[in-house]
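Please look over the sequence and the model below before reading on.

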Amino acid sequence: MKFYIGSGMKNCELVNYYSKILEENGWKHTYNWAKNINRDETIEDLIEYSKLEQQGIIDSDVVIILLPAGRGTHIELGMALALNKRIFLCSETKEEFSIENTVNFYQLPSIVRLVGTVDENLKEISKL
């Protein structure tokens, strides 16, 4: 199974953990943006990264979104929806899905919303 993980930059370690566990179970990460984070990025770097992220989503079977998410993550979610990818939204708390905090698109019936520990969410994803 090929996967892409979207999340906010503050979740880089979590993205790498999800990637490690899924890869250990035979899954293939199409592109790990978290490995490119640095403080000296230029506009040209951002353009290149966005192309790699877009291709990673296109090449994936599954898109995993780790909440809380940033602005870019919601663009990745939009691409995944437009491409009819299997989507998992993962949160450790129910607050992300409360009426005060949610995003309309989180409620689409095609999206699987997972609330649990990181390992519980990974276990559910791995059932595919």
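Which residue in strand 4 does valine 62 stand opposite? In this predicted model, the residue opposite valine 62 is arginine 86 of strand 4.

**Pairing of strand 3**
- Strand 3 and strand 4 are paired through five bridges in the parallel sense, and the chain passes from strand 3 by way of helix 3 (residues 71–82) to strand 4 in a β-α-β crossover that is right-handed.
- Strand 1 (residues 2–6) also runs parallel to strand 3, to which four bridges join it, and within this pairing tyrosine 4 is placed opposite valine 63.

**Burial of strand 3**
- Because five of the five residues of strand 3 are buried, this strand is largely enclosed by the rest of the structure.
- In a regular strand, side chains alternate between the two faces of the sheet.
- Here Val62, Ile64 and Leu66 point one way from strand 3, while Val63 and Ile65 point the other way, and all are buried.

**The buried side of helix 4**
- In helix 4 (residues 118–126), the buried residues are Val118, Asn121, Leu122 and Ile125; they lie on the same side of the helix because the arc they cover around the axis is only 100°.
- An α-helix has 3.6 residues a turn, so residues three or four places apart point the same way.
- The partners against which the buried residues of helix 4 pack are helix 1 (12–24), strand 3 (62–66), strand 4 (86–91) and strand 5 (111–115).

Technical notes
Residues are numbered from 1 along each chain as its sequence is written. This is a predicted model: local features need pLDDT of at least 70, side-chain atom pairs count only at pLDDT 80 or more; totals for chains, interfaces and linings use all residues. Side-chain values use heavy atoms; hydrogens and water are left out. Buried means under 20% relative accessible area, exposed over 50%, partly exposed in between (1.4 Å probe, protein chains only). Helices (H or I, at least four residues) and strands (E, at least two) are DSSP runs, numbered from the N terminus. The arc is that of the directions from the helix axis to the C-beta atoms. Contact means heavy atoms within 4.5 Å. Two strands pair if DSSP finds at least two bridges between them. A crossover is right-handed if, with the strands pointing away from the viewer, the path from the first strand over the helix to the second runs clockwise.
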